[in-house]
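Below is a short report on a two-chain model.

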Amino acid sequence: MSSDSSSSISNDGSTDQNPNPSPTAKPLDFLQERLASIALTEPNGGAESPSDQEPQAGVSNGSFIEEIQEVVQNNQAAGSEAVVEEVSESFTHGVVWRDNSEHEVDAPSSPSSSGYAGERGSSSATSESGIGEGGEDEIREVRNDDSVDGVSDLQQSWVPGKRHVDEDDASISWRKRKKHFFILSNSGKPIYSRYGDEHKLAGFSATLQAIISFVENGGDRVQLVRAGKHQVVFLVKGPIYLVCISCTEEPYESLRSQLELIYGQMLLILTKSVNRCFEKNPKFDMTPLLGGTDVVFSSLIHSFNWSLVLSGAQKASLHPDDMLLLSNFVMSSESFRTSESFSPICLPRYNPMAFLYAYVHYLDVDTYLMLLTTKSDAFYHLKDCRLRIETVLLKSNVLSEVQRSLLDGGMRVEDLPVDTSPRSGILSAHLGQHKVPTESPETSREEYIGVGGPFGLWHFIYRSIYLDQYVSSEFSPPINSSRQQKRLYRAYQKLYASMHDRGVGPPHKTQFRRDENYVLLCWVTPEFELYAAFDPLADKALAIRTCNRVCQWVKDVENEIFLLGASPFSW
Amino acid sequence: MGLSSANTVVNEGFQFCIFDLRRGQHEGQELDKILFFYPADLPFSTQLSVIGLSEGLITFTRIFSPEAACEVIEAERNSHVFHQAEPDIWMVMVVEKSKESDSIWRIDALRRVLKEVHSLFVMFHGSIRSLLDKDPSGELVRSHLYAFIMDYLSAFQKRSTWDVCCCDFLVGKKIKLPSFRDCLKERGTVQMLTVGREAALEVQSLVRVLESCAGNAPCYSLVLFQDLLVSTTLSPDDTINLFTYAVLRLAPNALLSRASSWSYLRKGNTASQIAAASVMASSGSVSEQFYGSRDTSPHGGERSHHVVRPLQHNKWYKGMDGFLVTDIWGPEVGSMVSATPTVLLQQTEERMYLCVYQHKSLTLILLFPISSILNGEQGISVVKQQIVENASLKMLKVEEKLSKGWGGENAYHVGGYRYLLVDGDRNVSRASPPGKVTTLTKESLISLSNLREEIDLEKSRAKWDDPGHEKDLEICIRAKNNAWVIARTTRGKELYMVLEKANETLLFASDAIEKFSNRYCSGAFSLD
């Protein structure tokens, strides 16, 4: 493919002397055409008529360009229909869109809006807090602990899977989605789109490809485009291109790592050997290979709202990213729940080229056991293993312990010991035994009744560097709605990106940040990283003292909340 | 291979183009859209590919963000910074992220360079669109842009250390752009001299006398002491433009640099002369290439029209009467006297005569509407004479008073602090003297530069979310090198700070801001 385009361009070398610009303009036209085809479908776009592009199609000489022309024409056809549709829409719903975009967070039609709090455990992350029993078990849904929002409703409101399939790039509603994700091949073929029908997005996909290859032809690689509130983030992985278009406030680094995870999820399903298919045939269509896995991607993307992946040097040989992707794969696929399964998977951080086999069995509604093997014929052996493990777990009551600990929840900011006297052995406060502050002054008690922990503490995340594990507090009021939780995660994302200074060099040491929504404190030492959120009116000195107490508290209950001395996961 | 040969040129590390989306939309006429391109000797294919990418992304981003098209492209090796200067007229700067550490910058700082060069251009020549309307072939605007921007970028001799606001960029063949080292500066703002009440009254009465000298004609004035603004009667935008120009070319320091480069000039080989001359030559040849092959150009003779180059170096001199003179605007028709410079005010869209008087450190800039001065140059010299007669004594007095009160180039140094204070509503900034900023370590400066980039993003998001809403934000970072790097924004004011020799506790740092705020910002950043 690239040789095609470069050879067509090499003709232009002569144009330095030749004032006639038409040959030069070809690579340019190409991008312009791509864009014209989109502009066509703009409701009030003053773009050229489709017929303008016909003659240019004839000029093209490379097979690559011809293919794109095809796509352009298809898109034009689709586009012209869409215009009609849109115009009528704009008459009837002009106001509603505006409304939608502002309140998208609450609109039931939008996936990003849903209260998916019941699933927030899909952040393997948060659920680590209360339990320490076993590797796989840590990754699971925490379901029944949110009585306020009503789990069943929430489950209904976010149904995993793709929606708005009727949309395409000509729809205003599609253009207003807050966060798009696209996977495409380097020949511009769409592989996955979060919103809309991939087939209808062929033209749009070709435009993304054109942008990437245009910059590549200039000897560079495009990473980010900013426009107003929008960021367009590009990630090129061999023959696979990934693009995110977002107007959320997430930092570039976060969006980029989300693209990395999506790529990882794809590898988990297909392995990297899919690259070979592209080497053999650049026009290879990989959608059939991913058939039916839409739900896995949309579930992963949804989890970006709730999951924090705190990356760092890994001691365990199962990388957290792999764990996250694996759990997302299992939990998003309904079939795993109904029967024991044996499925080929790839752990991209472990070995992106190789398939492993995962034996998956749900022990109860929340708990599943996963056994990994390299042997493709080990199903019966693993089934046998599972039976034995299950028996032990049942006999020792571990499963019901797990259930109970889920119900009890993890650390709560309300339970933070506030007495200044030297503590004599803190009890398992995180297990739900409310510790009534005895010596706290009246004012401070008033301050935190019903509004999180003492001194305006709302939430914290503590990561132990040595153990490479982290604990975060349960969400307490006022961070109880899913919308507020999402906002807090986004604030943490920014804080994280800022502390880690674009990933260059070691992180900064301390950060205090106050805006309209929060006081955030971050503290990085060789031992731990602490992220804490407070009421925006919190007193600075008290916030600092509170952070010190949180660290002390976590250290006091370290044995209960972290997996200590576990042997590294190895093959 | 066209594009790969282009690559080697791209490696030079800096490109700057201006193009018009309304032009050259038909096949074969693409070159029409290019109004300016640096380096001018880049093959047209490469120029068109830079512009094509920009144009493509402007269209693309409008799909999702119709209200704000592409602002920046970050690629692995280059940043492309966009600025829509006028409707459909875009300026794009492509800068290479070289291995050299100085290529760490804030996008907003680069965009301010684009804004500055455009506003200055408009002040002297009018809008790009108006020049295009005057001469649809584009030749007029191209020749003006080439001369103007190359003068803007062109070489500059050693600068005085406290010349904080404006600088030229072309050092030798290399463009020196604002980098992280300039993170305690804010382009596009004015630096003010703090004056006591008595001096302020003197200045006021001087301004009144000056205004009366023009008779019935309305008159605007700008008073500078050294490179600092003392008083202005112009609108904020016009003030910034004239202040910027004054610091670049008129203030005593700018004239001094002329004097120091005098010997080079006589030898006839100052870099700026060569650069500017070669620009003129190349812009000529560009026009030739543009039009030689096409029928639309009536004749080549038009190129000989005089292009005024207000940013040309070493062109202002102090005359016998205290007024600065220049031959930039050419001789007055039929005489040996140089024509009086004129500028266009943004606010009133009126063309004004520009008269500059200088006494020691004091620079007075006076503007009279062309329409109100009868007899042109003759009328101006009458006004000048009036000023010398009526105001020179007052000017002496004011200069003396301000000199006495002035604390020298470190006047605004605050021990222990390195700071930048920006009042966005008034477009005024004050900062630690550059000589003091250079004592900071590179790590601290990079940390602050990155923090400012973060704040820039927050500010622009806030602008889109709720235009009337001022972002209230406080960020204190204990950086990896143990310096405190601080940003505070509140009610349109911004404070940036680096404390290198500070205690490690956050409370100490907060205390330091509080003290600074109470003492130097009337408590604007103090917590209630």
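Six residues of domain 1 of chain A are in contact with six residues of domain 2 of chain A. Two residues count as in contact if their C-beta atoms, placed from the backbone, lie within 7 Å. Domain 1 of chain A covers 2-81 + 162-300, and domain 2 covers 411-561. These bounds come from an automatic or database domain assignment. On the side of domain 1 of chain A that touches domain 2, one residue is nonpolar, two are polar and three are charged. Ala, Val, Leu, Ile, Met, Phe, Trp, Tyr, Cys and Pro count as nonpolar, Asp, Glu, Lys and Arg as charged, and the others, Gly among them, as polar.

The model is predicted: local features need pLDDT of at least 70, side-chain atom pairs count only at pLDDT 80 or more, and totals for chains, interfaces and linings use all residues. Residues are numbered from 1 along each chain as its sequence is written, while chains are lettered from A and ligands numbered from 1 in the order in which they are written.

The table gives totals by chain. Helices (H or I, at least four residues) and strands (E, at least two) are DSSP runs, numbered from the N terminus. A residue is buried if 20 or more other C-beta atoms lie within 10 Å of its own, exposed if 12 or fewer, and partly exposed in between, with C-beta atoms placed from the backbone.

| Chain | Elements | Buried share |
|---|---|---|
| Chain A | 19 helices, 13 strands | 47% of 571 residues |
| Chain B | 14 helices, 19 strands | 46% of 528 residues |

In chain A, residues 24 or more positions apart account for 63% of the contacts with a separation of 6 or more. In chain B, 63% of contacts between residues at least 6 apart join residues at least 24 apart.

Two strands pair if DSSP finds at least two bridges between them. β1 (residues 179-185) of chain A pairs with β2(A) over three antiparallel bridges. L184(A) has P190(A) in β2(A) as its bridge partner.

Next comes β18 (residues 484-490) of chain B. Six of its seven residues are buried. β17 (residues 473-478) of chain B joins β18(B) through six antiparallel bridges. One pair is I477(B) with V485(B). Five residues separate these strands in their hairpin, where N482(B) takes a positive phi near 75°. On to β19 (residues 493-499) of chain B: β18(B) pairs with β19(B) over seven antiparallel bridges. Here V485(B) has V498(B) as its partner. This hairpin has two residues between its strands, and R491(B) in the turn has a positive phi of about 40°.

How do two helices of chain B meet? The axes of α6 (residues 197-213) and α11 (residues 377-405) of chain B come within 9 Å and cross at roughly 170°. That makes α6(B) roughly antiparallel to α11(B), a label for angles over 145 degrees. Axes are lines fitted to C-alpha atoms, for helices over the stretch in contact, and angles run from 0 to 180 degrees between N-to-C directions. The contact has twelve nonpolar, four polar and four charged residues.

Definitions and conventions. Angles under 35 degrees count as roughly parallel, over 145 as roughly antiparallel, 65 to 115 as roughly perpendicular and the rest as oblique.
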